[in-house]
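Please read the following points beside the sequence and the model.

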Amino acid sequence: MSNFIQPPHKNWSIQVKNLPDAKIRDKWLQFNNKSPYILVKIGMTTRFPDQRIKEWENKCNHKLINVGPRNKRFIYKQNFLERLSCLSIQDNYERYRDDGFFVNKNLKLVESSIHKALKDKYGKGDVYCSGCLVDKSVAPKKDSPFNTSYNVHTEWFLILKKEIEQVYNIIDSTCVNLG
Ligand SMILES: [Zn+2]
């Protein structure tokens with residue numbers, strides 16, 4: 001979501017609870033671009049990533065940015081020493097092309113394996129989205145945490161910004177091994 005990278009105003013935030021480093025459990029806290037974490041969505045398409053991203057944007061009414069390796073700087077800016085130590089390890093992903101990671105086969109299996117690997121590493125969270133609620137008069141579900149009928153999205157992962165390259169590596173190696 002673009003707002004995590006370029007907030008629309010300085011007080012912009014979403015509400016989160018039970019982040020990995022939360023001192024208090026089950027309490028809603030502010031979450032914005034200053035957090036060391038970021039929420040990212042990883043999904044598959046049989047077309048170009050930008051076309052799929054446009055569809056998500058239109059559905060959810062939130063602006064989105066493709067944060068693949070080409071846009072890594074939006075997520076995490078390395079400091080001078082880190083850049084120096086990584087000089088020999090250029091971003092070199094076997095399956096990165098046209099702003100996405102591609103497979104030749106097993107698209108669904110590759111996606112579910114990537115999701116599982118990320119879930120094992122980072123855990124899982126549901127995202128309650130006010131943007132794509134079609135009918136605001138719909139009665140909230142009984143288990144809705146806000147007593148609203150916000151749409152619930154899965155497939156979002158809370159990752160440490162400084163570990164974004166590890167996420168790229170998980171995606172790339174899964175594409176190589178299974179796809
Ligand atoms: Zn949505």
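1. Rings of Phe, Tyr and Trp (its six-membered ring) count as a pair if their centres lie within 6.5 Å, with planes under 30 degrees apart called stacked, over 60 edge-to-face and the rest tilted. By this rule the structure holds six aromatic pairs. The model is a predicted one, in which local features need pLDDT of at least 70 and side-chain atom pairs count only at pLDDT 80 or more, while totals for chains, interfaces and linings use all residues. Residues are numbered from 1 along each chain as its sequence is written, and side-chain values use heavy atoms, with hydrogens and water left out.

2. Phe 4 and Trp 12 are an edge-to-face pair, because their ring centres are 5.6 Å apart and their planes stand at 75 degrees. Buried means under 20% relative accessible area, exposed over 50%, and partly exposed in between (1.4 Å probe, protein chains only); Phe 4 is therefore buried at 5%, and Trp 12 is buried at 11%.

3. Tyr 96 and Phe 101 form a tilted pair, 5.1 Å centre to centre with 50 degrees between the planes. Tyr 96 is partly exposed, at 23% relative accessible area, and one aromatic cluster is formed by Tyr 93, Tyr 96, Phe 101 and Tyr 168.

4. A nonpolar core is a set of buried Ala, Val, Leu, Ile, Met, Phe, Trp, Tyr and Cys residues joined through side-chain atoms within 4.5 Å. The largest one has 34 residues, and Ile 42, Leu 118 and Ile 159 have the most contacts inside it.
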